[in-house]
Amino acid sequence: MTALGEVILTLRRARGLTQVELAARAGVTQAALSRYEQDLRHPDDETLEALAAALGVTQRFLSTAGRERGAMAIDAHMRRRATAKATDWRMLEARLNELRFHARQLFEEVSLRSSDLVPTFDPLETTPSDAARMVRMQWKLPSGPVRRLLAWLEAAGCLVVQEPFPTRRVDGLSQWIGDHPVLLLNSSAPLDRLRLTAAHELGHLCLHANGPGDDVEREANEFAAEFLMPAAVIESQLRHLSIGDLMDLKRQWGVSVQALIERAHALGTLRPADRTSLYKQLSAKGWRTREPGSDEIAPEETRLTTAIADSLHQRGLDDDEVALVAGFASADTNHVFVGSHVRPLRAL
């Protein structure tokens, strides 16, 4: 079994297409497409080529993406709100799996050497806070705020892709590709939220690589809090807080005022009544949904996907050939591995 149906379904969902829409683009009936997706029937070469063209990938990619061990589409770790629509988060989960497929094919040609690694821990033996402290130590992070968080992730072999999501109710997703993890982050989110999401997903990758546990979101939140706001350093700053103090700390630590309030509460430096009072003040200012000051945080940029494309260009490959290596039909459909000389295209 080649899992071709799983790949077609994943790519279709990643593009937000219905079976009727993809069938029309590929020139097949909806009933036939349904059978292909369920692996009840295998398309002939001409139909396979038409499906690949409609999905913006190569025929080889469509045929082989599901053959390798561990290549099947899998559930992603996802930071989303309870009110996120299922259609939106399923599309984004499919999008992450598509990135996994493309990255796996690309890594057949490109060896990714990283100065650090993303370690994994058993959450039954290691607390999320201890895991966060050990990652900071292994990566040799300075003791204070984490500057250029995404650069640290990429240095550890994480493939990080930022793109606008169709909803603000999903912040990020993550999963492993063999020895390397991939993170998909919502570039529309404010920088403070994007940074917390990246640290949250790093927590999932470190703690839940072998499958989900009973309280994975709480564990990822605890990891992210200690990773971005280590207790040994920040605790003394989280006493007798005012809104002005919190805004100053936001600029220093690159996290939201609400994250700082929750950190102070978790560390016991903020009484429940004072926590409630601060939230009432935020609500009165209209800051519960959109805080000011995010534009004062240093921007987070990703460079690894561009560096991969540039390394292929240095071998003499042009834009279309780079796209083909990654499984895209052409440079026009390759919106991930784009060289530094090209302005990245918008996602499909």
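Me: In which helix is Gly203 found?

Reply: This is a predicted model, in which local features need pLDDT of at least 70 and side-chain atom pairs count only at pLDDT 80 or more, while totals for chains, interfaces and linings use all residues. Numbering runs from 1 along each chain as its sequence is written, and side-chain values use heavy atoms, with hydrogens and water left out. Helices (H or I, at least four residues) and strands (E, at least two) are DSSP runs, numbered from the N terminus. The run of residues 191–207 that holds Gly203 is helix α9.

Me: Is Gly203 buried or exposed?

Reply: Buried means under 20% relative accessible area, exposed over 50%, and partly exposed in between, for a 1.4 Å probe and protein chains only. The relative accessibility of Gly203 is 0%, and therefore this residue counts as buried.

Me: Which residues does Gly203 touch, not counting residues up to four places away in sequence?

Reply: Contact means heavy atoms within 4.5 Å. Although Gly203 and His77 are 126 residues apart in sequence, their C-alpha atoms are 9.9 Å apart in space. With residues up to four places away left out, the residues that Gly203 touches are His208 and Phe223.

Me: How many disulfides does a search of the whole structure find?

Reply: A disulfide is a pair of cysteine sulfur atoms within 2.5 Å. By that criterion, the number found in the whole structure is 0.

Me: How far is the sulfur of Cys206 from the closest cysteine sulfur?

Reply: Cys206 is buried, with a relative accessible area of 0%, and Cys158 is likewise buried at 0% relative accessibility. The closest cysteine sulfur to that of Cys206 is in Cys158, and the separation, too far for a bond, is 8.2 Å.

Me: How many of the residues of strand β4 are buried?

Reply: In a regular strand the side chains alternate between the two faces of the sheet. From β4, His180, Val182, Leu184 and Asn186 point one way and Pro181, Leu183 and Leu185 the other way, and all are buried. Strand β4 (residues 180–186) is largely enclosed by the rest of the structure, because the number of its residues that are buried is 7 of the 7.

Me: What is the bridge partner of Gln162 in β4?

Reply: Two strands pair if DSSP finds at least two bridges between them. Strand β2 (residues 159–163) runs parallel to β4, joined by 5 bridges. Within β4, Gln162 is partnered with Leu185.

Me: In the hairpin of β3 and β4, which residue takes a positive phi near 60°?

Reply: Strand β3 (residues 170–177) pairs with β4 in the antiparallel sense over 6 bridges, and the bridge partner of Gly172 in β4 is Leu185. The hairpin of β3 and β4 has 2 residues between the strands, and the residue with a positive phi near 60° is Gly178.

Me: How many salt bridges does a search of the whole structure find?

Reply: Side chains of opposite charge can pair when their charged atoms come close. A salt bridge is a side-chain nitrogen of Lys or Arg within 4 Å of a carboxyl oxygen of Asp or Glu. One network of such bridges links Arg15, Arg95, Glu98 and Glu163. The number of salt bridges in the whole structure is 21.

Me: With which residue does Glu108 form a salt bridge?

Reply: The closest N and O atoms of this salt bridge are 3.4 Å apart, and Glu108 forms it with Arg60. The pair links distant parts of the chain, 48 residues apart: Glu108 lies in the loop between α6 (86–106) and α7 (128–139), and the partner is in helix α5 (residues 59–64). Glu108 is partly exposed at a relative accessible area of 44%.

Me: How far apart are the closest N and O atoms of Asp130 and Arg133?

Reply: Asp130 and Arg133 are separated by about one helical turn, because they are 3 residues apart in helix α7. Asp130 is partly exposed at 32% relative accessibility, and Arg133 is partly exposed at 35%. Their salt bridge has closest N and O atoms at a separation of 2.4 Å.

Me: The backbone oxygen of which residue lies 3.1 Å from a polar atom of the side chain of Gln258?

Reply: Gln258 is found in helix α13 (residues 257–267). Beyond its neighbours within four places in sequence, Gln258 is in contact with residues including Tyr279, Leu282 and Trp287. The residue whose backbone oxygen lies 3.1 Å from a polar atom of the Gln258 side chain is Arg288.

Terms used
Polar contact = N/O pair within 3.5 Å; in protein donor to acceptor, adjacent residues only side chain to side chain.
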